[in-house]
Amino acid sequence: MTHNARPMLAALILAASFDGAAALRHASALSALGPRPWGSPRTAAAAAYVEAQLRGAGAAVRLEPFESHGIRGANVIGVLEGDSPEFVILGAHHDTAPGAVGAYDDAAGVGVMIEAARVLAAQPRPRTIVLASWDGEEAWSTGKTTTSGSRAHVKGLEARSRDLVAALAIEMCGWREGTPVTHPIAYPDPLRPGELVIAPARVMRAVLGGSRRAGVALGVGDPFLSWLYQPAVRTFRVRLYGDDLSFLQAGLPATFTSDSTFTAFYPWYHQATDTPD
């Protein structure tokens, strides 16, 4: 397997000392800031919170300012150096849809990423781990673009992208009625009209194999319709997406995970009632 993603992605799942309550506290703190649409002062406050928390977890941290379509934002990038120049990205987004405090989408994903940073900082790392809190994932609300922060991050990788093993985006998690799955959604290929880009098979094998070895139930797309999932997303364009979109459309390996599925989708998605409870 070229650029074997299995060991490090498995480590993300196998981290036995992960504290879900701590992840929830981070999600609650971000949600308390209120709606955080891309380009707003509250989004800047969210970035400052994530920066402080990643630094406290032991990562080397930097802000990554960017501008797209006349709107400014900032990603927060933490790095846990490993023994190899190869790296894995674990990311989520700290902005929200307009009017939503975004506990589930995606303060919880950021909380998971911050807590994972704390756990992984104490472990030996054969590869470098990059922890990303992206801005502008909800850029669709401007009518100008999508996933603006992760697109800027991908562009900034330049030649280093050759060492990227895989990116795993955490989207919409922590719903007690949800089922954890990975979503290999087929997105339009911007370079080949009519063609699709999708998570590589090697990334899917790494994620699913690691979860099985950890005794964690992780499905593909939907717990009840997994056998129909791939034909469905390749035939019908779905609106669901994550920051994996930016990587896949740039030809880089990625996928995203969530506990919302087609048959059980979070009912307060993008609403003011998306709160930490």
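Are tryptophan 134 and phenylalanine 247 buried or exposed? Tryptophan 134 is buried, and phenylalanine 247 is buried too. Buried means under 20% relative accessible area, exposed over 50%, and partly exposed in between (1.4 Å probe, protein chains only). The model is predicted: local features need pLDDT of at least 70, side-chain atom pairs count only at pLDDT 80 or more, and totals for chains, interfaces and linings use all residues. Residues are numbered from 1 along each chain as its sequence is written, and side-chain values use heavy atoms, with hydrogens and water left out.

**View 1. The whole protein has eight helices and 10 strands.** Helices (H or I, at least four residues) and strands (E, at least two) are DSSP runs, numbered from the N terminus. The C-alpha atoms fill a box of roughly 45 × 40 × 40 Å along the principal axes. For 277 residues, a compact globule would have a radius of gyration near 19 Å; the protein has 17 Å, which agrees. That radius is taken over C-alpha atoms, and the globule rule is 2.2 Å times the number of residues to the power 0.38. Of the 277 residues, 54% count as buried.

**View 2. Tryptophan 38 and phenylalanine 66 form a stacked aromatic pair.** The structure holds six aromatic pairs. Rings of Phe, Tyr and Trp (its six-membered ring) pair if their centres lie within 6.5 Å; planes under 30 degrees apart count as stacked, over 60 as edge-to-face and the rest as tilted. In this pair, the rings are 6.3 Å centre to centre, with 20° between the planes. Tryptophan 38 lies in the loop between α2 (20–31) and α3 (41–57) and phenylalanine 66 in strand β1, so the pair ties together parts 28 residues apart in sequence. Both residues are buried.

**View 3. Tryptophan 134 and phenylalanine 247 form a tilted aromatic pair.** Their rings are 5.7 Å centre to centre, with 55° between the planes. Tryptophan 134 sits in strand β4 and phenylalanine 247 in helix α8. The pair links distant parts of the chain, 113 residues apart.

**View 4. Tyr104, Trp175, Tyr266 and Trp268 form one aromatic cluster.**

**View 5. Helix α5 spans residues 148–157.** Its buried residues are Ser148, Gly149, Ser150, His153, Val154 and Leu157. What covers them includes β1 (60–68), β2 (71–80), β3 (87–93), β4 (128–134) and α8 (244–249).

**View 6. Threonine 147 and glutamate 158 have positive phi values.** Threonine 147 lies in the loop between β4 and α5. Its phi is near 40°. At 0% relative accessibility, threonine 147 counts as buried. Glutamate 158 is exposed, with a relative accessible area of 64%.

**View 7. The peptide bond from aspartate 105 to aspartate 106 is cis.** Omega is near 10°. Aspartate 106 lies in helix α4 (residues 103–121).

**View 8. Threonine 257 is found in strand β10 (residues 254–258).** Threonine 257 is buried, with a relative accessible area of 18%. Leaving aside neighbours within four places in sequence, threonine 257 is in contact (heavy atoms within 4.5 Å) with Leu168, Ala169, Ile170, Glu171, Val181, Thr182 and Leu218.
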